Amino acid sequence: CTYTPPRFTAYGQQVVKNAGSSASFIDHGQYLANEYIRLGKAKVDTFYPVDHTHTSPAGANVVAQTFVKAVLCGNGVLAPYIKNSTASVAGNCA
């Protein structure tokens, strides 16, 4: 697995920079790539039963969990609104 951030990642970083302390950047793509690497190709392939764009419900859960993990690990402005602890959400802080 390799991951190259799309151009939208830089756009998002610039928006957050312009917004100041009222926003925080979450590199969800990098967190998801790291989790997919951890899970391995065979498991990740099961998340895409039709094509490599639309996930199964199990794949959607992994995508959502990695977003929550990224918010918690980044300790940004959204983190206080999440009731989970970092350890209770699967994955690693990148």
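Helices here are DSSP runs of at least four residues, numbered from the N terminus. The model shown in these close-ups is predicted.

**View 1. Glutamine 14 in helix H1.** Helix H1 covers residues 7–19, and glutamine 14 is found within this helix. With a relative accessible area of 39%, glutamine 14 is partly exposed, because that class lies between the 20% and 50% cut-offs. Look also for phenylalanine 25: eleven residues separate it from glutamine 14 in sequence, and the C-alpha to C-alpha distance is 9.1 Å.

**View 2. The largest pocket and its lining.** This pocket has a volume of about 210 Å³. Around the pocket you will find Cys1, Tyr36, Gly40, Lys41, Val44, Asp45, Tyr48, His52 and Thr53. Helix H3, residues 41–45, gives the most to this lining, with three residues.

**View 3. The largest nonpolar core.** Six residues make up this core: Leu32, Tyr36, Val44, Phe47, Tyr48 and Val62. Apart from this core lies another one of five residues, including Ile26, Tyr31, Ala70 and Val71. As background, nonpolar side chains tend to be buried together in soluble globular proteins.

**View 4. A closer look at valine 44.** Leaving aside residues up to four places away in sequence, valine 44 touches Tyr36 and Leu39. Both Val44 and Tyr36 belong to the largest nonpolar core, and both also line the largest pocket.

Note on methods:
Residues numbered from 1 in each chain as written. Predicted model: local features only at pLDDT ≥ 70, side-chain atom pairs only at ≥ 80, totals over all residues. Heavy atoms only, no water. 1 Å grid on protein atoms, 1.4 Å probe; cavity = no way out; pocket = protein on both sides within 12 Å on 5 of 7 lines; lining within 4 Å. Points joined across faces, edges and corners; volume = space filled by probe spheres on them. Helix = DSSP H or I, 4+ residues; strand = E, 2+ residues; numbered from the N terminus. Buried < 20%, exposed > 50% of the residue type's maximum accessible area, 1.4 Å probe, protein only. Core = buried A, V, L, I, M, F, W, Y, C linked by side-chain atoms within 4.5 Å. Contact = heavy atoms within 4.5 Å.
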